[in-house]
Amino acid sequence: VTALPLVSSADDHARCEGAVKGWADSAGEGDNGGDKLNLKDLLFFLHIPRTGGRTYFHCFLKKLYTNAQECPRSYDKLRFDPSHPDCTLVVSHDDYSLTSKLPRERTSVVTILRNPVDRVFSTYEFSVEVAARFLVHPNLTSAKTMTSRVLTKSRAVSTLDIWPWKYLVPWMREDLFSRRDARGNDSVPSSKKINAYDVEDMVMPLHQYINDPVAHEIIHNGATFQITGLTNNSYFDGAHEVRHCVRKHPDLGRFVLQVAKNRLDRMLYVGLTEDHEESARLFAHMVGAQVLSQSGALKLDVQEDQPSGTDSHSSMLDPEDEETNEHMVIGWLRFTIELFALGKMVWIFTVVLTFFVFLIE
């Protein structure tokens, strides 16, 4: 009797190994290498959350591609089906399995990676930040009702529609309201702790967040699963089984890691958040130059690039835009300050030139 669990465990490992190896073999066969240095007809920006990808989208891709060239709702809408015949840009939090919906032989993939520990911290902080905005409501029911009402009336895309925030934000929101209610019913004053990641009476502590099953499902090895197309948002039907087997038998993770490395090696461009300046320069050289070369000329059609009333990228409900705008403003301020050090005349010329360009745009 005592030997049965061991046999069962061995059988389960063998079954899982077969499933993972089978997936890895098929994943390798499905990749079309070709000339990875040349931009193909369709560019897929696989946006791993909290890597600075929103900056690349606004500061590079929105300038290189017109609205007409962007695939419908390509940035924020889950389960995107590329039905637009003329779109040449897909930007999405969907994982690599989205390529099963794309013409692989005509698709180039780019992405940005970040130190996993830093990305987990950033994911936690963003989850808290967005969820805390709902605390203006008196209770959780009111917050859910108002959110549903606003989304029903508006065609804009909310953060609650975007993977992985559609899972992480409601989870954190419910926890915040629960802790707030507990503070209201407790006669003991709120504790004041120095560690911002462990203010337990205010927000879910970081260690609890990391160890929760929700985090294990979405955040742990999140970038690797996104690159291999094995997230809980995957188009691959067997993604859950492979992910489950790898978590249960960590030694099988070597197959997933190898597929991720092969995918990265076949991509047109891979940036690093920690080396933002050099990565941006490489992106401009590897991607931007080829887009402009293929288009024949720099696109300066102001009317075509103006956001329309139904532009799926403009949304007052999307808080990630605020971060991008802040970076852009800070960048301009730093640029102006540096020029000011070169002399007042240069600074005055810069201000006038900036104002003139603003009027043109």
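1. Glu217 is partly exposed at a relative accessible area of 22%, where partly exposed lies between buried, under 20% relative accessible area, and exposed, over 50% (1.4 Å probe, protein chains only). Its salt-bridge partner is Arg247, with 3.0 Å between the closest N and O atoms, a salt bridge being a side-chain nitrogen of Lys or Arg within 4 Å of a carboxyl oxygen of Asp or Glu. The pair links distant parts of the chain, 30 residues apart, since Arg247 lies in helix α9 and Glu217 in helix α7 (residues 213-218); helices (H or I, at least four residues) and strands (E, at least two) are DSSP runs, numbered from the N terminus. Arg247 counts as partly exposed too, at 34% relative accessibility.

2. This is a predicted model, in which local features need pLDDT of at least 70 and side-chain atom pairs count only at pLDDT 80 or more, whereas totals for chains, interfaces and linings use all residues. Residues are numbered from 1 along each chain as its sequence is written, and side-chain values use heavy atoms, with hydrogens and water left out.

3. The structure holds 14 salt bridges. One of them joins Lys248 to Asp12, the closest N and O atoms being 3.2 Å apart, and it connects helix α9 (residues 239-248) with helix α1 (residues 4-30) across 236 residues. Lys248 is partly exposed at 47%, whereas Asp12 is buried at 15%. Through shared partners, salt bridges join Asp12, Arg15, Glu241 and Lys248 into one network.

4. Lys62 and Glu70 also meet in a salt bridge, at 3.3 Å from N to O; here Glu70 is buried, with a relative accessible area of 5%.

5. Helix α2 (residues 53-64) has 12 residues and spans 15 Å from its first C-alpha to its last, close to the 16 Å expected, the expected span being 1.5 Å times one less than the number of residues. Its buried residues include Tyr56, Phe57, Leu61 and Leu64.

6. Four strands form an open sheet in the order β2-β1-β3-β4 with parallel pairing, where two strands pair if DSSP finds at least two bridges between them. Because β2 (89-92) and β4 (269-272) each have a single partner strand, one side of each is left without a neighbour in the sheet. Strands β1 (residues 42-46) and β3 (residues 107-113) pair over 5 bridges, and Phe45 stands opposite Val110 in β3. Helix α2 packs on this sheet, touching β1, β2, β3 and β4, with contact meaning heavy atoms within 4.5 Å.

Technical notes:
Axes are lines fitted to C-alpha atoms, for helices over the stretch in contact, and angles run from 0 to 180 degrees between N-to-C directions.
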